[in-house]
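Please read the following note alongside the sequence and the three-dimensional view. The points are numbered so that each can be checked in turn.

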There are 2 protein chains.
Amino acid sequence: DGSAVESLDYEVIENFAYREEQAHRRRKLYVSYLLVVKWFFALLIGIFTGFAAVFINISVENFAGWKYSLTFNIIQKSYVAGFFVYVSINLVLVYTSVYIVTQFSPAAAGSGIPEIKGYLNGVDTHGILLFRTLIGKVFGSIGSVGGGLALGKEGPLVHTGACIASLLGQGGSTKYHLNSRWFNVFKSDRDRRDLVTCGCAAGVAAAFRAPVGGVLFALEEVTSWWRSQLMWRVFFTSAIVAVVVRTAMGWCKSGKCGHFGSGGFIIWDVSDGQEDYSFAELFPMAIIGVIGGLLGALFNQLTLYITTWRRNHLHKKGNRVKIIEACLVSLLTSVISFGLPLLRKCSPCPEPDPTSGIECPRPPGMYGNYVNFYCSKDNEYNDLATIFFNTQDDAIRNLFSAKTINEYSSQSLLTFLVMFYGLAVVTFGTAVPAGQFVPGIMIGSTYGRLVGMFVVKYYRKLNIEEGTYALLGAASFLGGSMRMTVSLCVIMVEITNNLKLLPLIMLVLLISKAVGDAFNDGIYEEQARLRGIPLLESKPKYEMRNMIAKEACGSGRVVSFPRVVKVPDVFSILQSNTHNGFPVIDHTRSGDPLVIGLVLRSHLLVILQSKVDFQHSPLPSDPRSGGRSIRHDSGEFAKPVSSKGICLDDIHLTSEDLEMYIDLAPFLNPSPYIVPEDMSLTKVYNLFRQLGLRHLFVVPRPSRVLGLITRKDLLIED
Amino acid sequence: DGSAVESLDYEVIENFAYREEQAHRRRKLYVSYLLVVKWFFALLIGIFTGFAAVFINISVENFAGWKYSLTFNIIQKSYVAGFFVYVSINLVLVYTSVYIVTQFSPAAAGSGIPEIKGYLNGVDTHGILLFRTLIGKVFGSIGSVGGGLALGKEGPLVHTGACIASLLGQGGSTKYHLNSRWFNVFKSDRDRRDLVTCGCAAGVAAAFRAPVGGVLFALEEVTSWWRSQLMWRVFFTSAIVAVVVRTAMGWCKSGKCGHFGSGGFIIWDVSDGQEDYSFAELFPMAIIGVIGGLLGALFNQLTLYITTWRRNHLHKKGNRVKIIEACLVSLLTSVISFGLPLLRKCSPCPEPDPTSGIECPRPPGMYGNYVNFYCSKDNEYNDLATIFFNTQDDAIRNLFSAKTINEYSSQSLLTFLVMFYGLAVVTFGTAVPAGQFVPGIMIGSTYGRLVGMFVVKYYRKLNIEEGTYALLGAASFLGGSMRMTVSLCVIMVEITNNLKLLPLIMLVLLISKAVGDAFNDGIYEEQARLRGIPLLESKPKYEMRNMIAKEACGSGRVVSFPRVVKVPDVFSILQSNTHNGFPVIDHTRSGDPLVIGLVLRSHLLVILQSKVDFQHSPLPSDPRSGGRSIRHDSGEFAKPVSSKGICLDDIHLTSEDLEMYIDLAPFLNPSPYIVPEDMSLTKVYNLFRQLGLRHLFVVPRPSRVLGLITRKDLLIED
Ligand SMILES: Nc1ncnc2c1ncn2[C@@H]1O[C@H](COP(=O)(O)OP(=O)(O)OP(=O)(O)O)[C@@H](O)[C@H]1O
Ligand SMILES: Nc1ncnc2c1ncn2[C@@H]1O[C@H](COP(=O)(O)OP(=O)(O)OP(=O)(O)O)[C@@H](O)[C@H]1O
Ligand SMILES: [Mg+2]
Ligand SMILES: [Mg+2]
C-alpha cells in the first residue's frame with residue numbers, strides 16, 4: 001500500500017522561475033496581500049467547518065431522536081414490533097453510510113485522523129483531501145452515528161475540517177478561476193499544510209466546542225514546523241468555529257431544529273460535580289489510570305489485529321463484502337442494545353429529590369436518567385437501558401451526571417462495559433466514517449463510575465460524586481488508547497467546563513499514557529503504520545547517536561542527471577527507478593564536477609509532457625538571454641492535492657523528441673540542504689524533521705570554509 | 001552593552017569525549033534514568049515556583065494590608081498624620097527594594113521577561129539566572145509592589161520561575177556533589193533551555209493561576225525548538241504550580257496568613273458578568289481595541305525614550321542616583337494616590353441592592369467597592385479613592401466588578417487614567433523588579449470602563465455590564481503593548497474564569513495588536529533591543545529572499561586553526577579577535593585541505609588553562625592509542641550558567657608551554673551544520689533558527705553527492 005503514499009515537500013524550490021517572480025513582485029503590497037488572504041481563509045475555514053459540524057449534529061440528533069421516539073411509542077404496544085422498527089431504522093442508516101463510502105469515497109472510511117496526522121507530519125495519502133471524501137465523510141458519519149453504531153462523529157469532523165481547508169485553498173484556483181497571483185499563493189505544500197493545520201484545529205474545536213483544545217491538538221501533531229504567527233491564525237479559526245457553533249445552538253434553542261438541542265454537541269457540564277478531593281482519593285484515581293492504560297493498550301492491540309485480518313481476508317474481496325459486514329455489525333449492535341436491557345430486572349426509583357431536579361422515571365420522549373424500559377411497575381427504571389438504549393451522547397451525560405449516586409448497579413455497568421468494548425472493537429475498521437473519541441469516553445466512564453461506586457462505598461464520604469470518577473475514567477481510556485496528552489487534557493477540561501479537575505485529569509493521563517506506552521504505540525500511530533504512512537517521531541531513535549549520515553543513505557549508486565540531458569535518457573532513467581529526486585551534476589570550466597541542484601521527478605514529468613523546453617543543442621542555454629522564464633510559471637509545477645499527478649505512461653515522445661536535449665538548470669532547486677557524510681544521524685534527523693524536508697544530500701566533507709554565519713549576520717534591519 | 005550578551009549553543013558537540021561516553025553507556029537504563037530525572041525536575045520546579053509565588057503574594061498582601069489599615073485608622077483622626085505614615089511606609093518599602101537590587105543583584109531590575117525571552121531565543125544575558133538574582137527578584141518585588149509603585153509582580157514571577165529552574169538544574173551539580181552522570185545530564189545549553197522553559201511557564205502559571213496560559217506563553221516564545229514531549233512536561237509543571245497555589249490559598253482561607261486571602265493572586269471572577277452580547281456592541285468593542293493599540297504603542301514608545309534617557313544620563317552615575325530616583329518616584333506615587341482623591345468630591349451611595357451583596361460605603365478595614373475617603377457624610381463614597389487609594393489588585397477587582405453600574409464618574413476615571421498612565425511610564429525603568437501586566441490591566445480597564453459607561457448610556461440596555469468592558473479594555477492594552485496573542489487570550493480567560501468571553505477578547509486583541517504593530521514592536525522586543533539582546537524573529541525578513549549565504553557572512557577572512565597548533569599561536573589568535581568559533585582545517589594524505597570541524601573559544605580556553613593536553617610533537621596524536629579520553633570528561637567543557645567563564649587574561653603560560661603543541665582533533669565538533677554558498681538567506685535563516693544554532697559554515701558547492709537521505713532512511717526500527 002506504500003504506493004498510495006507520497007512525501008510532501010516543504011522546501012521552497014528556488015528555481016529560476018521562482019526567483020524571477022520574486023524579483024518582479026512589489027514587496028510591500030504583496031506581503032500585505034498575502035496576509036489578508038491568509039486571514040480571510042482562516043475565517044472561511046472556521047465558518048465552513050462550524051457549519052459542517054452543526055449540520056452533522058442536527059442531522060444525527062434528528063435521525064436518532066426520531067428513531068428513539070418512534071420506538072418508544074411502539075413499545076408501549078408491542079416490544080416485538082418496536083424491536084423490528086428499531087433494527088430496521090438502524091440498518092437503513094448504516095447501509096446508506098457504507099454505501100456512500102464504498103461506492104463514492106473510499107478514503108472517507110475510518111476516522112481519518114491517522115491520515116491527517118500523516119499529512120501534517122509530511123506524508124500525503126492519496127485521496128484524503130478530495131471533495132468526494134468530504135461529502136462521504138459528512139453524510140457517511142450522519143448515517144453511521146445516527147444508526148447507533150459504537151463509534152463517534154468527532155474523528156471524522158477533524159478530517160472534515162482538514163478537507164474543507166484544503167479544498168478552500170485549492171478551490172480558489174481550479175473552480176473559480178481567480179487571477180494567477182492567487183494561484184501561486186496556495187500552490188505549495190507549505191501553504192497547504194498551514195491551511196490543513198487550521199482545518200484540523202477547527203475540526204477539533206467544532207467536535208468538542210473546545211477552541212483551545214483544538215489549537216493544542218493541531219500543535220501536538222505538528223510541533224516541528226510550528227510558528228507563532230500560525231498559532232494565532234489557528235486560534236482565530238478555532239474561535240470562529242466556537243462562535244458559529246454557539247450561535248447556531250442559540251438559534252436552535254427555541255426548537256427550530258427538531259430533536260436537536262438537548263444532545264448533540266458533546267459538552268457535559270460537570271460544574272455541579274465534586275469541588276474538592278482528599279488525598280486518599282488519589283489512590284483510586286491512580287487505579288483508574290492504570291486500568292485505562294491497560295484497557296487502552298488492549299484496545300489498540302485488538303483493533304490492530306482485527307483491522308489486519310479484515311484487510312487481508314475481507315476487504316480484498318470487494319465492496320459487497322464491506323457492505324454486508326457493516327450491516328451485520330449494525331444488526332449485532334441493535335440486537336445487543338435492545339435485547340440486553342430486556343433481560344435486566346428493573347429497579348425501584350430512589351426517593352425523589354427536588355433539589356437535583358431529576359425525575360424518576362424520566363418523562364416520556366425526553367432525555368435524561370432513569371429510563372423506564374420493559375419495567376412492570378410505573379415507578380421503576382431500567383439502569384442498563386439508561387445507558388445502552390440511548391444515543392451515546394445522552395448515555396455519557398447520564399454516566400457523568402452528579403447527584404445520581406447508586407443509579408447504576410455494578411452488574412449493569414460491568415455488562416455494559418464488556419459488551420460495548422466488544423462492539424467498539426468489532427465496529428472499528430468497518431467501511432464507515434468512525435471516530436474513537438465517543439466510544440472511548442463511553443468505555444472509560446463506565447469503569448470509572450464502577451471505581452467511583454466502590455470509592456463511595458469504601459470511603460463513606462458524602463461529597464464524592466460517581467460522575468467525577470466517570471469523567472476521570474473517560475480521560476484515562478482516551479489517554480491509554482490515543483496517548484495524546486496536553487490536548488486531551490485541555491479538551492476534557494473544556495468539554496466538562498470545569499477547570500478545577502485539571503490536576504486530576506492530568507494525573508490520570510500521566511499514568512494511563514505511561515502504562516499504555518509500556519505495551520504498544522497509540523492507536524493513531526498503530527493505524528498509520530498499518531496503512532503504510534511513515535510517521536517521523538519527534539525524537540530520534542537512540543541508535544542514531546552511533547550512526548552517521550553515510551550509513552543511513554543506503555549503498556546503491558546515486559542516480560543523478562547531468563545539466564543538459566538527452567530526452568530519451570531522462571525517460572529511461574525515470575523508468576529505471578522510483579526515486580522522486582535526483583541530484584544534477586555539472587562541470588566547472590576546469591572540468592571538475594559540481595553539484596548544481598536537485599530536480600524532482602514531478603518537474604521532469606511536467607517538462608517531458610509539455611515539451612516546450614526541448615532544445616536541439618546539447619549545450620547549456622543561457623537563462624538570461626532566452627525567454628526561458630515565460631515558458632512556465634511556477635503554478636504549472638505545483639503538485640495537485642492528494643492525487644498522483646502525471647504518470648510516466650501518459651508521456652508520448654515522438655522520434656523527433658528523442659533527438660532533443662533538455663537543459664535542467666532553470667528547473668532545479670539550486671540549493672538543497674546538505675550534510676557532511678560523517679554527521680551523526682541524530683543531527684541529520686533533527687535537521688530533516690525540523691525543516692520538513694523530503695531530500696537531503698549527503699556530501700563529502702568540504703575543503704574550505706568560505707565564511708561563518710552567526711546570529712549577528714542574520715539581524716538585518718529593514 | 002553587547003559584551004554582556006552571548007549566544008547559546010544548542011548543538012550537541014559530538015567530540016571524541018562525547019562519543020566515548022555514549023558508547024560506554026548502557027542504553028536502556030540511561031534513557032529511563034534521564035526520563036525520571038527530567039520529570040522529577042519538572043515536579044521540583046513546579047513546587048518551588050508555586051511556593052515562591054505564594055511567599056511573594058502573602059508578603060505583599062500583608063505589607064499592603066497593614067499599610068492601608070494603619071492609614072485608615074489614623075485618618076479617622078488626622079489626614080495629615082495619615083498621609084505621612086502612608087508616604088513613609090511606601091518609601092521604606094521601595095527603598096528596601098531598590099537597595100537590594102542595586103547593591104546585591106543588579107540583574108533583578110525590571111521585569112526580566114525580555115531577558116528570559118532572549119534566553120529562550122538563544123541569547124544569554126550575564127547574571128540573569130544566578131542565585132542572587134533570584135533573591136533580589138523575590139525580595140525586591142515584595143518591596144516595590146508592597147510599596148505601591150505602579151508596577152506588578154507578574155513579570156518578576158516569570159523571571160523567578162526561570163531562575164529557580166536554572167538553579168535546580170545547576171544546583172544538583174555544584175552544591176550537593178551528586179554523581180558524575182548527574183553532572184552530564186544538565187550541563188548543556190540544550191537541557192538547560194528545557195528547564196528554563198518549564199520555569200518560565202511555571203512563573204506565568206503561578207502569577208495568573210493559569211496553567212494553560214503558562215504553557216502557551218512559553219510556547220509563543222520558544223516555538224522554534226518546541227517538541228511534544230517538552231510540552232507535556234511543561235504542562236505538568238504548570239499544573240503542579242496550580243495545585244500548590246490552590247492548596248496554599250485553601251490553607252490561608254481560614255485567616256492563617258494575615259491580610260492575605262482576599263486579594264493577592266489576580267483572579268477576577270467575572271462569571272457573574274455579562275452572558276451574551278448583541279452585534280451592535282461589537283463596534284464599541286472594536287473601538288476599545290483601537291484605543292488599546294494606540295495607547296499601548298504610545299506606552300512602548302514613551303518607555304523606550306525614558307529608558308534610553310535614563311541609561312544615558314542617570315544610571316551611568318552609579319547606584320546612589322538609582323536609589324534616589326526610585327525614592328522620588330515612590331514619593332510622587334504616594335502623593336498622587338493620596339492627594340488626588342482628597343480633591344475629589346464624594347458621591348452619595350446608590351440605593352442598597354441586597355441581591356448584589358455589595359455594601360456602600362464598604363465596612364472599615366475590608367476590601368471592596370465604595371470606599372469612604374475624606375467624605376463629609378457617612379453614606380457617601382469617594383470613587384477616585386476606590387481605585388486609586390487601594391492595592392492594584394483590589395482596584396482591578398473594583399473596576400471589573402459587575403452590578404456596580406454608575407459607580408464611577410467619567411471624570412474620576414479620566415483623571416485616574418491620565419495620572420496612572422503617567423506614573424506607569426515614569427516608574428518603568430527604575431531599578432526595582434517591575435512587571436507591566438498589572439499596570440497594563442489597570443490602564444486598560446479604566447478606559448474600557450469609560451467606554452462601557454458610554455455604551456450603557458447610549459444603547460440603554462440593561463444586560464450590559466461595565467465590568468465586561470473593563471476586562472476587554474485590559475486585554476486591549478496588554479495586546480497593544482505586549483503584542484502577545486494566544487497566550488494573552490488564554491491568560492485573560494483563565495484569570496476571569498469565563499470562557500464565554502473568549503471570542504470578544506480575541507477580537508479586541510486582534511485589533512489592538514494590528515494597530516500597535518503599525519507603530520512599533522512589542523514592549524519586550526523594544527526593551528530587548530535596547531539592552532542589546534539580539535532576538536531572531538520567527539519569520540525571516542523579506543529582503544533575505546534575494547540574498548545568498550555568502551553575502552551575509554561578511555567579507556573578513558575566516559580565522560581558522562590547523563589540526564595541530566602551537567600553543568602561542570592559539571593564544572595570539574584568540575587575542576586577535578572576539579570570535580567564539582573557529583573552523584579547524586586538516587590536510588588529507590594527498591595534501592588537499594579538509595575541514596574537520598569547529599572548535600569553540602571556550603573549549604580552547606579550558607585546554608589552555610588545564611594544560612594537560614599539551615604535547616611536544618607537532619604530529620597528530622592517535623586518539624585511539626593514548627588515554628586521551630580520560631583526561632577530560634565532557635562536564636569540564638560545560639559552560640557555566642550566566643557567567644563569563646574563563647577569561648584570556650586568567651591564563652598564564654610558562655616559556656616551556658610556549659614550545660608545546662595541541663592536537664585539536666579530540667575537542668572539536670566534527671560535524672557542524674553546513675550550507676552551500678549560494679543558498680538563499682531565507683533558507684539559511686530557517687535552518688539557523690529552527691535548529692537553534694550558533695555557528696554555521698558556508699562552504700563551496702559540493703563536487704559529489706554520496707547519497708540521498710529521504711524519509712525512509714530515517715525510519716529505523718528498534
Ligand atoms: N536519486 C537517488 N539516487 C540513489 N538513491 C536514491 C535516490 N533518491 C532516493 N534514493 C534512495 O532510495 C531509497 C528510497 O527512497 P525513495 O526513492 O522512495 O525516495 P523518494 O521517493 O525520492 O522520496 P519519498 O519516497 O520520501 O517521496 C532511500 O534509501 C534513498 O536513500
Ligand atoms: N572564525 C571566524 N572567522 C571569521 N569571521 C568570523 C568567525 N567567527 C565569526 N565570524 C564573523 O564575525 C562576525 C561577528 O561574529 P562573532 O565573532 O560575534 O560570532 P561569535 O562570537 O562566534 O558568535 P556569537 O556572538 O553569536 O556568540 C560575524 O559576521 C561572523 O560572520
Ligand atoms: Mg518514494
Ligand atoms: Mg560574539
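1. In this predicted model, B:F561 stands opposite B:V584, a residue of strand β7 of chain B. The two belong to a pairing in which strand β5 (residues 561-562) of chain B runs parallel to β7(B), with two bridges between them. Strands here are DSSP runs of E with at least two residues, helices are runs of H or I with at least four residues, and both are numbered from the N terminus; two strands are said to pair if DSSP finds at least two bridges between them.

2. On the numbering and the model, residues are counted from 1 along each chain as its sequence is written, while chains are lettered from A and ligands numbered from 1 in the order in which they are written. Local features of this predicted model need pLDDT of at least 70, side-chain atom pairs count only at pLDDT 80 or more, totals for chains, interfaces and linings use all residues, and side-chain values use heavy atoms, with hydrogens and water left out.

3. Strand β7(B) also pairs with strand β8 (residues 593-600) of chain B, this time in the antiparallel sense and over seven bridges, and within that pairing B:D586 has B:L594 as its bridge partner. Five residues separate β7(B) from β8(B) in the hairpin that they form, and B:G591 in the turn has a positive phi of about 90 degrees. How many of the seven residues of strand β7 (residues 581-587) of chain B are buried? Five of them are, so that the strand is mostly covered, where buried means under 20% relative accessible area, exposed over 50%, and partly exposed in between, with a 1.4 Å probe and protein chains only.

4. Ligand 1 lies between chains A and B. Of the 17 residues around ligand 1, those that come nearest are A:S7, A:H579, A:N580, B:K712 and B:D713, a residue being near if one of its heavy atoms lies within 4 Å. Strand β7 (residues 581-587) of chain A gives the largest share of this shell, three residues.

5. A polar side-chain atom of A:S7 is 2.5 Å from an oxygen atom of ligand 1, an N or O atom in the side chain of A:H695 is 2.6 Å from a ligand oxygen, and for A:R694 the distance from a polar side-chain atom to an oxygen atom of ligand 1 is 2.9 Å. Taken alone, ligand 1 exposes 600 Å², and the protein buries 86% of that, the areas coming from the Shrake-Rupley method with a 1.4 Å probe.

6. A search of the whole structure finds two disulfides over all chains, a disulfide being a pair of cysteine sulfur atoms within 2.5 Å. In chain A, the sulfur atoms of A:C346 and A:C375 are 1.9 Å apart, and the disulfide is left-handed because the torsion about its S-S bond is about -80 degrees. This pair links distant parts of the chain, 29 residues apart, and both A:C346 and A:C375 are buried.

7. In chain B, the disulfide of B:C346 and B:C375 has its sulfur atoms 1.9 Å apart, and with -80 degrees about the S-S bond this link is left-handed. B:C346 counts as buried because its relative accessibility is 12%, and B:C375 is buried with a relative accessible area of 17%.

Conventions: A polar contact is a pair of N or O atoms within 3.5 Å; within protein, one must be able to donate a hydrogen and the other to accept it, and residues adjacent in sequence count only if both atoms are side-chain atoms.
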